[in-house]
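Have the viewer open while you read.

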Amino acid sequence: MLSQTCQGCGGSNIVEDDLYCQPQRVCVDCGSVVSEGVLASEPVVGPAVAKKPCLNLIKGEMFSLTMCRILMVHREIEQLSQTYYNKAYQHESFLKVSLQKKEVLAGCCVLVSCRLLNWPITMATILCLINADPTLVGEVYQEMISALKIEAPIVLITDVIETHIQDSLHLPEEFAENSKDLTRCAVALVELAADSWIVTGRKPVPIIMAAVYLAWQSLRPTKQRLKTSLEKFCQIAKVNKYRPAVKRIAEIKEALCKLGKEIPWVREAVTPDNVVQHVEDILQHRYALLRRAMRTHQDLVEQTPNSSSVKHGPHERNDVELNWGKRVLFAPPCVIRAKRRRVEQPELQDVTGDEEISDSEIDSYIRTPQEARDFALTQKMFEKS
Amino acid sequence: MDELERYFDDSIANDSGFMLEEGLGLQSPAHSIQDSSYLSVKAQSSTELGEELDLSFLPDELSTQTDTAKAAETQAAAPDVSQDSGICLDYNSQDSTAAVDPQQGGSLQSSASPFCPMTPMTPMTPVTPVTERSGIIPQLQNIVSTVNLGCPLDLKFIALQARNAEYNPKRFAAVIMRIREPRTTALIFSSGKMVCTGAKSEEQSRLAARKYARVVQKLGFPARFLDFKIQNMVASCDVCFPIRLEGMVLTHQQLSSYEPELFPGLIYRMVKPRIVLLIFVSGKVVLTGAKERAEIYEAFENIYPILRGFRKQ
């Protein structure tokens with residue numbers, strides 16, 4: 001603020017008279033200094049001066065923006081993801097982490113923003129983009145949503161399928177398929193898988209892969225296509241093969257067979273080998289076939305003598321547990337193929353915690369003096385070598 | 001009036017008062033007064049009397065007061081609680097005439113206690129024991145406890161003299177000791193503090209900790225047995241039916257976390273009691289974070305009706 005009157009004498013005769021490098025304004029009449037500038041020419045760092053934003057923060061925001069552009073998401077998601085990144089970056093759990101983790105954090109922000117704004121995306125896609133260790137990404141993601149208190153809805157697997165299928169009409173006729181039919185068929189297969197408990201608790205990408213593969217085969221079940229293994233299919237589609245997809249294919253085929261058996265006009269037995277030809281029919285009449293299958297299964301269960309609901313003793317519980325998977329038409333595969341657990345040793349009954357502890361038992365845990373000497377000697381020899 | 005009866009009539013509501021609390025907890029704070037009053041009535045009734053209360057004999061003002069308060073709760077609670085398909089209370093769209101006055105609800109809190117000591121005129125129904133509800137008792141799998149031996153310890157000496165000890169200071173700053181009966185592992189620190197893991201019951205954990213202390217004593221240290229405390233209990237059980245985890249995370253979003261790409265189970269963080277449950281599609285449930293056995297049983301009885309709700313395809 002440049003005052004025009006001197007505080008000392010009230011005069012207005014003020015000149016600029018620098019003292020060396022310090023700018024000053026002096027009253028000519030009384031000689032008092034009216035105002036003086038700062039010694040340094042740069043502005044003083046203080047609350048009034050804006051802090052230069054952190055370089056890494058900017059880099060991270062750019063990174064998340066790049067990812068959004070690659071994914072071609074809409075602007076809202078871009079903005080939301082940058083907002084979250086900003087918030088998370090400043091949060092104490094992320095302020096001092098490595099740059100690699102901050103990159104992963106950017107990816108997680110993109111992921112959570114897509115989820116919140118209903119853009120179907122899997123974590124696997126983010127993993128591809130940032131090329132990081134899945135465990136690390138999982139860890140950072142969980143930490144971020146708990147730090148920022150976000151509740152992100154889960155992604156429906158059927159929504160994600162569409163984004164994974166592209167037109168393949170440029171391929172030779174044997175392999176080409178239009179994406180609309182492929183999507184329709186794959187979505188129906190995934191819905192069937194979901195009803196048969198194949199989807200819950202599993203990673204979505206192998207299921208999508210299995211569904212697309214089976215859909216592709218069933219749309220034109222020529223010998224050529226049926227012979228194509230999953231590996232070859234992944235090569236054609238230019239994706240990496242996921243090992244669990246093979247198991248999913250088997251599981252989906254099994255579920256299809258259960259329904260395929262109920263088709264009235266099919267005379268031959270429906271097995272995993274020939275079920276692909278019938279997939280179109282099965283999917284078209286899914287619900288009717290399901291009803292028939294359930295009725296057949298119900299009759300079967302009622303016929304067997306073990307169907308009584310007698311309460312079993314505790315040691316027989318294991319068998320009951322295994323049985324419940326066999327008693328229903330569809331059950332989660334982990335139940336049907338339950339691994340035999342190691343039989344637990346009979347528990348110590350009626351332990352009060354205050355029992356007498358025998359000396360001999362305690363002595364059995366202590367080395368004899370000779371043993372201790374030998375052990376010490378061996379250790380020394382070991383250390384020397 | 002029917003509303004109140006229905007609360008006490010329905011057996012699920014009787015024992016799953018906590019679950020209703022969860023549902024009610026989702027409401028706006030404006031209703032919290034009525035919530036707490038309702039719960040104080042319920043808590044008292046289910047613990048003290050544990051019988052059906054037929055309040056039809058009560059004078060009209062008292063019952064209408066309850067009614068209006070309950071009506072408000074019902075209206076507000078219905079959308080939340082009905083999502084919990086485990087509860088089968090049917091909320092008829094009652095012509096709740098009452099424009100509810102929050103003060104009425106508030107005053108209910110103070111007048112809650114007179115209801116309970118009254119003698120009901122209808123025959124009493126004995127309350128069903130908690131375990132009989134689901135017929136399933138979670139089995140304890142692991143107990144973690146700590147105890148202070150009360151004196152500094154020479155870990156190198158212990159590792160040298162004890163057969164069942166391993167000590168690798170570069171990897172971890174404690175001696176790892178094991179005993180056969182009860183089959184447990186202990187981490188013994190140089191400060192004299194000890195952690196005992198692997199026992200299948202609280203008493204076994206205490207016995208094991210005492211045995212470790214005795215071993216340390218025999219080695220020549222003036223070990224005592226101070227501040228024994230159970231820090232964590234882990235239990236597991238199987239409900240024997242498959243569970244739609246996707247459905248559960250939709251209706252219980254605040255408390256559940258289901259990320260199939262990271263972990264196949266649903267992580268449910270129960271508020272009361274503070275227990276974390278891992279729920280799997282196979283119907284197996286793991287409960288952890290308890291300091292007492294009762295918390296585990298309570299948590300399971302709370303979750304069982306919720307799981308039943310997600311049973312049908």
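In which sense do strand S9 (residues 275-279) of chain B and S10(B) pair, and over how many bridges? The two strands run antiparallel, with four bridges holding the pairing together. Keep in mind throughout that this is a predicted model.

**Strands in chain B**

S9(B) and S10(B) make a hairpin, with four residues sitting between them. In that turn, Gly283(B) has a positive phi of about 100°. Along the pairing, Val276(B) stands opposite Thr288(B) in S10(B). S10(B), which covers residues 284-290, has another partner to look at: strand S6 (residues 226-238) of chain B, joined to S10(B) by six bridges and also antiparallel. Here Cys237(B) is the residue that faces Val285(B) in S10(B).

**The sheet in chain A**

Over in chain A, an open sheet is built from three strands in the order S1-S2-S3, with antiparallel pairing. Strand S1 (14-16) and strand S3 (33-36) of chain A are at the edges, each pairing on one side only. From one strand to the next, the twist averages 20°. S1(A) is linked by three bridges to strand S2 (residues 24-27) of chain A, and Val15(A) sits opposite Val26(A) in S2(A).

**Where the chains meet**

Now for the interface. Chain A brings 50 residues to the contact and chain B brings 46 residues. Between them the chains bury about 4,600 Å², and 54% of that is on carbon and sulfur atoms. Across the interface there are 23 residue pairs in polar contact, both residues at pLDDT 80 or more. On the chain A side, several helices supply at least two residues each, among them helix H6 (134-147), helix H8 (179-195) and helix H18 (369-384). By class, that side of chain A has 24 nonpolar, nine polar and 17 charged residues.

What about charge pairing? Side chains of opposite charge can pair when their charged atoms come close. The structure holds 19 salt bridges over all chains, and seven salt bridges are found across the interface of chain A and chain B. One of them has Arg206(B) and Asp354(A) meeting through their side chains at 2.2 Å, N to O. Another salt bridge has Arg115(A) and Glu259(B) as its partners, with the closest N and O atoms 2.8 Å apart. Why does this pair join two chains? Arg115(A) lies in helix H4 (residues 99-116) of chain A, while Glu259(B) lies in the loop between strand S7 (256-258) and strand S8 (266-270) of chain B, so the link runs from one chain to the other.

Most residues other than glycine have a negative phi, and most peptide bonds are trans. The table lists some places to check against that.

| Site | Feature | Angle |
|---|---|---|
| Glu181(B) and Pro182(B) | cis peptide bond | omega about -5° |
| Lys272(B) and Pro273(B) | cis peptide bond | omega about 0° |
| Asn118(A) | positive phi, not a glycine | phi about 60° |

Where do these sit along the chains? Pro182(B) is in the loop between strand S3 (174-179) and strand S4 (184-189) of chain B. Pro273(B) is in the loop between S8 and S9 of chain B, and S9(B) is the strand that forms the hairpin with S10(B). As for Asn118(A), look in the loop between H4 and H5 of chain A; H4 of chain A is also the helix that holds Arg115(A).

Terms used:
Residues numbered from 1 in each chain as written. Chains lettered and ligands numbered in written order. Predicted model: local features only at pLDDT ≥ 70, side-chain atom pairs only at ≥ 80, totals over all residues. Heavy atoms only, no water. Contact = heavy atoms within 4.5 Å. Buried area = accessible area lost by both parts, 1.4 Å probe. Salt bridge = Lys/Arg side-chain N within 4 Å of Asp/Glu carboxyl O. Polar contact = N/O pair within 3.5 Å; in protein donor to acceptor, adjacent residues only side chain to side chain. Nonpolar A, V, L, I, M, F, W, Y, C, P; charged D, E, K, R; others polar. Pairing = 2+ DSSP bridges. Axes fitted to C-alpha atoms, helices over the stretch in contact; angles between N-to-C directions.
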